[in-house]
Amino acid sequence: MLAAAFRRLSGHTLRPATTFVRWQSSETSGGNTVGGKSTVKDADTIFDKIIQKKIPAEIIYEDEQCLAFNDVSPQGPVHFLVIPKRKIPKLEDSAANDKEILGHLLHVAGQLGKSKAPQGFRLVINNGDHGCQTVYHIHLHVIGGRQLGWPPG
């Protein structure tokens with residue numbers, strides 16, 4: 001029922017789940033930043049490979065601009081990621097012309113979050129090494145399905 005409401009509101013369809021993907025990121029700190037700037041901008045990340053369908057993922061939503069899939073190491077009963085198909089390495093790397101895609105990511109995260117965790121959810125964007133970013137392709141974590149603690153971290 002909620003999925004049908006989301007389709008009516010957004011004009012997009014929810015994709016059926018495919019397969020799980022498990023990985024350990026090799027894109028963590030330790031050589032991927034110089035002076036606080038990402039050095040992996042042009043290198044393919046695990047998310048680029050998921051977008052290209054080279055690596056399977058449990059995709060829950062896809063449109064022309066973004067992709068959403070379940071996290072392989074969920075931190076709650078509901079935990080999925082929303083990523084742009086065009087890579088922006090970190091939130092701080094976004095430009096003024098990225099406002100539309102950033103807004104779209106938030107909208108999709110909100111609509112999917114509402115359908116999957118109707119009592120509420122947390123939205124997290126990690127940025128840089130100290131922000132616990134391990135994949136340098138911006139992504140929104142949507143976590144819910146239970147009462148979450150505060151403060152996080």
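## The chain as a whole

Among contacts in the protein (heavy atoms within 4.5 Å) between residues at least 6 apart in sequence, 62% join residues at least 24 apart. This is a predicted model, in which local features need pLDDT of at least 70 and side-chain atom pairs count only at pLDDT 80 or more, while totals for chains, interfaces and linings use all residues. Residues are numbered from 1 along each chain as its sequence is written, and side-chain values use heavy atoms, with hydrogens and water left out.

Display the cartoon. The protein has 3 helices and 7 strands; these are DSSP runs numbered from the N terminus, with helices (H or I) of at least four residues and strands (E) of at least two. Their order from the N terminus is α-β-β-α-β-β-β-α-β-β.

Now switch to the surface. The accessible surface comes to about 8,600 Å², of which 53% belongs to carbon and sulfur atoms; accessible areas come from the Shrake-Rupley method with a 1.4 Å probe, and for residues only the protein chains shown count as cover. Of the 153 residues, 42% count as buried. Buried means under 20% relative accessible area, exposed means over 50%, and partly exposed lies in between (1.4 Å probe, protein chains only).

## Select His 139

Which residue does the UniProt annotation "active site" cover? In the unreviewed UniProt entry, the annotation covers His 139; UniProt positions are given in the numbering used here, feature names are shortened, and annotations may be inferred rather than shown by experiment. His 139 is found in the loop between E6 and strand E7 (140-144). His 139 counts as buried because its relative accessibility is 5%.

Show the surroundings of His 139. Not counting residues up to four places away in sequence, His 139 touches Phe 47, Leu 81, Val 82, Ile 83, Val 124 and Ile 125. A polar atom of the His 139 side chain lies 2.8 Å from the backbone oxygen of His 137.

## Continue to His 141

His 141 lies in strand E7, and its relative accessible area of 11% makes it buried. What joins the side chains of His 141 and His 79? A polar contact of 2.8 Å does so; the term denotes a pair of N or O atoms within 3.5 Å, where within protein one must be able to donate a hydrogen and the other to accept it, and residues adjacent in sequence count only if both atoms are side-chain atoms. With residues up to four places away in sequence left out, His 141 touches several others, including Asp 71, Phe 80, Arg 122 and Asn 126.

## Other stops in the E6–E7 loop

Select Val 135, which lies in the loop between E6 and E7. Val 135 is buried, at 3% relative accessibility. Its C-alpha atom is separated by 9.1 Å from that of Lys 90, 45 residues apart along the chain.

Cys 132 is also placed in the loop between E6 and E7. Cys 132 is exposed, at a relative accessible area of 55%, and its phi is near 65°, a positive value in a residue other than glycine.

## Further backbone features

Most residues other than glycine have a negative phi, and most peptide bonds are trans. Select Lys 53, in the loop between helix H2 (46-51) and strand E3 (59-62). Phi of Lys 53 is near 65°, a positive value, and the residue is partly exposed at 43% relative accessibility.

Then move to the segment after E7, where Pro 151 is found. A cis peptide bond joins Trp 150 and Pro 151, with omega about 0°.

Asp 98 is placed in the loop between strand E5 (78-84) and helix H3 (99-116). At 5% relative accessibility, Asp 98 is buried. Apart from neighbours within four places in sequence, Asp 98 is in contact with Arg 86, Ile 88 and Asp 93.

Within helix H3, select His 104. His 104 is buried at 14% relative accessibility, and its side chain makes a polar contact of 2.6 Å with the side chain of Asp 63. The C-alpha atoms of His 104 and Pro 84 are separated by 8.9 Å, the two residues being 20 apart along the chain.
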